[in-house]
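Welcome! Let us take a friendly walk through this structure, one group of elements at a time.

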Amino acid sequence: MTSETSPRESAVREAVATGIPAALADLGGLVRIPSVAFPGFDHAHVRRSAEAVKALAEGTGVFDSVVVADAAIPGADERGMPAVLARRAARNGRPTILLYAHHDVQPAGDESLWESPPFEPTVREGRLYGRGAADDKAGVMAHIAALRALREAVGDLDLGVALFVEGEEEAGSRSFAQFLSDHADALRADVIVVADSGNWDAVTPALTVSLRGNARFTLRIRTLEHASHSGMFGGAVPDAMMAAVTLLATLWDADGAVAVDGLATRDAGTPDYAEETLRDEAGLPAGVRPVGRDAILSRIWNKPSVTVTGIDAPSVVNASNTLTPEVSVVISARVAPGQSAREAYEALEAHLRAHAPFGAELEFSDVDFGDGFLVDTGGWAVSVAREALRDGYGADPVDLGVGGSIPFIADLVREFPDAQILVTGVEDPHARAHSPNESLHLDTFRHAVLAEALLLARLDDRAA
Ligand SMILES: [Zn+2]
């Protein structure tokens, strides 16, 4: 089915196309500001970048109010990084949409690995290079450019619009939940667009419909009150390493699939993804087999995974003929979307306790949870968004799962349980977010701006 192009939508398309050069110039201006919110970096740049985003938001002519604001970090005596918050009220029974992006960036890392300076926006072969050119200053500019086009094509809007451009996403969003509750009225919306994810490829748009959660903890395994000579007692008493490797091996079956009762799996189809692509993208050598079962993307998007990410044990240089009394490991689990991270943790703890060999003593500590996310794809905003993506990109959108987590989305769900959350983005698989030579595909950006402008125009035309 194709939608007829109305005069209003032709005007939106034209305004988007006309506005792209200015949007890219403004994006370049943002990239020039090294707004790294990590500790130890000059946070004056983050403030400067917030002021620049504020000026861009004011320039759209859409908002009743635009402010730079920060919030307390719970449990710390500092405040969070400056965010930009703007709002215009809805009229005539129209819905309100909240547009999210972040203006802080990852550090540049080793600058010698960059082909052009990280904070000098540079166009090469259809891509704009620079730190934040994709993640997520392009998200900021997609919102601004869509609003500019809408204002020009439609004039005065009935749609309610809130804009929230965070200043510390890469640094852990430490004041995010507090910011949401401090500004709940200004942020409240029927639909939330989180422009901080990616697309299937440079020409195929995607709506991110699921994210895995995570549960991480430290496990101490103890079998002896003190170390002993391995010749004196080895063979009669268990050492902690023996108990640890025996216990940890029960977490997976022979295929390397997670073998823990109570860890959920989401039942959903996934697009085809070749093993060769996995080998290439993950760096899997020819002789090493992938782990798990069923479609590769279902393993990454819809099933749990368990990884031992750290171990405290005697080091190789310090190895002696000794029975080790205790070993500590960090276990990091990815949780299938739809299962609570706490429930997944409880299943893991129960499994480990039930399988502790030789009566080894287990102690669990430093437990950390982040819930996953599952879009209710039956919501009306999802169909409006899918159509806008299709018309903006000229290709049908893919429902994308993400194996990682965006923990602040759980905060959004908690604070605004009735809002429909749409996770979109301007990145393509070659964007190299967080890495040297980060870049934005310019055609993807054009399409993303058009898709968002069409979404806004259609919501402006629709009862809440
Ligand atoms: Zn980001």
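We begin with two helices: α3 (residues 137–154) packs against α13 (residues 442–459) at an angle of about 50°, and their axes are 8 Å apart. Axes here are lines fitted to C-alpha atoms, for helices over the stretch in contact, and angles run from 0 to 180 degrees between N-to-C directions. That angle makes α3 oblique to α13; angles under 35 degrees count as roughly parallel, over 145 as roughly antiparallel, 65 to 115 as roughly perpendicular and the rest as oblique. On the α3 side, the contact is made by A138, M141, A142, H143, A145, A146, L147 and L150, and on the α13 side by F445, V449, E452, A453, L456 and A457. Contact means heavy atoms within 4.5 Å. By kind, the residues of this contact divide into 12 nonpolar, one polar and one charged. In that count, Ala, Val, Leu, Ile, Met, Phe, Trp, Tyr, Cys and Pro are nonpolar, Asp, Glu, Lys and Arg are charged, and the others, Gly among them, are polar.

A word on the basis of all this: the model is predicted, local features need pLDDT of at least 70, side-chain atom pairs count only at pLDDT 80 or more, and totals for chains, interfaces and linings use all residues. Residues are numbered from 1 along each chain as its sequence is written, and side-chain values use heavy atoms, with hydrogens and water left out. Helices (H or I, at least four residues) and strands (E, at least two) are DSSP runs, numbered from the N terminus.

Now for the sheets. Four strands form an open sheet in the order β11-β13-β9-β14, with antiparallel pairing; two strands pair if DSSP finds at least two bridges between them. At the edges stand β11 (305–312) and β14 (361–370), each with a single partner strand, so one side of each is left without a neighbour in the sheet. From one strand to the next, the twist averages 20°. Strand β9 (residues 213–222) is joined to β14 by eight bridges, and R220 stands opposite E363 in β14. Two helices lie across β9, β11, β13 and β14: α7 (residues 240–248) runs at about 15° to β13 (326–335), while α10 (residues 341–355) runs at about 165° to β14.

Another open sheet has three strands in the order β4-β5-β18, again with antiparallel pairing. Its edge strands, β4 (122–124) and β18 (439–441), each pair on one side only, and the twist averages 25° from one strand to the next. Three bridges hold β5 (residues 127–129) to β18, where the bridge partner of R127 is H441.

How many of the six residues of strand β8 (residues 206–211) are buried? Six of the six are, so β8 is largely enclosed by the rest of the structure. Buried means under 20% relative accessible area, exposed over 50%, and partly exposed in between (1.4 Å probe, protein chains only). Strand β8 runs parallel to β16 (residues 398–402), joined by five bridges, and pairs with β15 (residues 373–374) in the antiparallel sense over two bridges. S210 has G401 as its bridge partner in β16 and stands opposite L374 in β15.

Our last stop is T424, in strand β17 (residues 420–424). T424 counts as buried because its relative accessibility is 15%. Leaving aside residues up to four places away in sequence, T424 touches V193, V194, A195, D196, S197 and L207.
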